Amino acid sequence: MKKMRITVDEIDAIKKIAKVQNKIDSIKGKNVLFYGGGQHTDYILNCCVLDNYVIRVCDSFKTGTLYSYEIEKASKELILWADTVVISNFYEREQIYEELKKIIPDEKILLLYSHDEQEPIYIYEVEMDAEKLTDLCKEDEWGKQNRYIPWQAKGMGERYESVVEKYFFDEVTKQYYLKWIHQGDKVLDIGAGTGRLSIELQKAGAYVTAVDTSEDMLNVLKEKNSDINTVVVDGVQLPLPDASFDKVVSCDAMVHFLNWREFLKEHIRVVKKGGVIVYNMFNDDHLKYISDKKYIRTSYISDCGGYGASVSRKELEAVCRELDIELVEMIPYGAFSQTAFSYGILSHQEMLKLQRWYSEFCGQEKLRYLIGRFEREIVSNCDETFAALNILVFRKK
């Protein structure tokens, strides 16, 4: 019999699944509540043996379904129903743990990830042979999902402000946005977060409205600049009038949403005729090197807890015809840190380490200047598939 070659990442993933299964085997009682409606619970429900339990799933923020289970709103009644509450959430596990201890005894709480664990079980931790371990990434389901850290969580603003990349943004990214901003423009910043782009837009003379799902993050923005108008939204719909902005921009936000088309429709609604919309998105034509299946290659580009959105020129042109907008520019950037050439050589975790190192590397002023010049003068003039990221500029007809 031919032996299957297993990569290091696959071995690590199997070990982590086994570790989680051992913890689940220690569950006491029949009624089990999984606290966390995200990718970690999804992974566990797919990979682990849970036949002997009555399972329910809850979350502080998310609703909907997860692997045939309804995600219920977390409540005291639901927590008291459970014989054991399994904290499957990774990013907010300590906060959830402290809240649960106020309601139920400590022995009824099972923390799947210890307090000192640095890495959760990511689906994309396994390389391109992930399907051998789990059928979670079913091709007919991937496009229905939007997976991302719950930005609305308490303390997210402070956390995001401390980890968000600034050097490359200052030297390269923001230049592509500011190119389209003029004195007196009314600009809507989608997914503004703690204001990295919004503040630069205002400095350029624009009247800025910053929109985000996280009130916590917008509060950090207001602390930095109280003159910027902020709006908290929940979902795709914007509580803003038609044709009310000259420009709509979004930096590092649309890449998180597989249903980006729905967001684009709404952004077209609120921008004036002749106005422009500027996004950054992953270029799917570049990423095709990774796999012939989009749901696999998009899992490689996300460092936010799941799949990322990528789009090909063909898809963009079809959307432009459908929505009656013009694709004005498609500019590659981030040639060193966002490239498919390293995928297949490096694991996803190694790619994340490379990107973090690159961000620190950009922190050195002289090197940052040279990288900036290279990006603006060389990379931006290359074929649009040269790097994994593109700046996309649309104009409303």
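The model is predicted, with local features requiring pLDDT of at least 70 and side-chain atom pairs counted only at pLDDT 80 or more, whereas totals for chains, interfaces and linings use all residues. Residues are numbered from 1 along each chain as its sequence is written, and side-chain values use heavy atoms, with hydrogens and water left out.

Strands β1 (residues 31-35) and β2 (residues 54-59) run parallel and are joined by five bridges, two strands being taken as paired if DSSP finds at least two bridges between them. Within this pair, Tyr35 has Cys58 of β2 as its bridge partner.

Lys28 is located in the loop between α1 (8-24) and β1. With a relative accessible area of 62%, Lys28 is exposed; buried denotes under 20% relative accessible area, exposed over 50%, and partly exposed the range in between (1.4 Å probe, protein chains only). Beyond its neighbours within four places in sequence, Lys28 is in contact with Asp83 and Thr84, contact meaning heavy atoms within 4.5 Å. The C-alpha atoms of Lys28 and Ile109 are separated by 9.9 Å, although these residues are 81 residues apart along the chain.

Thr41, in helix α2 (residues 39-47), is by contrast buried, its relative accessible area being 1%. Its side chain makes a polar contact of 2.5 Å with the side chain of Ser88. A polar contact is a pair of N or O atoms within 3.5 Å; within protein, one must be able to donate a hydrogen and the other to accept it, and residues adjacent in sequence count only if both atoms are side-chain atoms. With neighbours within four places in sequence set aside, the contacts of Thr41 are Phe34, Gly36, Val57, Leu66 and Ser88.

The largest nonpolar core has 35 residues, of which Val278 and Ile391 touch the most other members. Such a core is a set of buried Ala, Val, Leu, Ile, Met, Phe, Trp, Tyr and Cys residues joined through side-chain atoms within 4.5 Å. Elements giving two or more residues to this core are α6, α7 (196-203), β8 (207-212), α8, β11 (271-283), β13 (325-333) and β14 (389-396); α6 gives the most, with five residues. Apart from this core lies another, of 31 residues, among them Val231, Tyr279, Leu316 and Val319.

The buried residues of α6 are Phe168, Phe169, Glu171, Val172, Thr173, Lys174, Tyr176 and Tyr177. The end C-alpha atoms of α6 (residues 167-178) are 16 Å apart, in agreement with the 16 Å that its 12 residues should span at 1.5 Å a residue, the expected span being 1.5 Å times one less than the number of residues.

Asn225 is found in the loop between α8 (215-224) and β9 (229-232) and counts as buried at 13% relative accessibility. A polar atom of the Asn225 side chain lies 3.0 Å from the backbone nitrogen of Asp227.

Notes
Helices (H or I, at least four residues) and strands (E, at least two) are DSSP runs, numbered from the N terminus.
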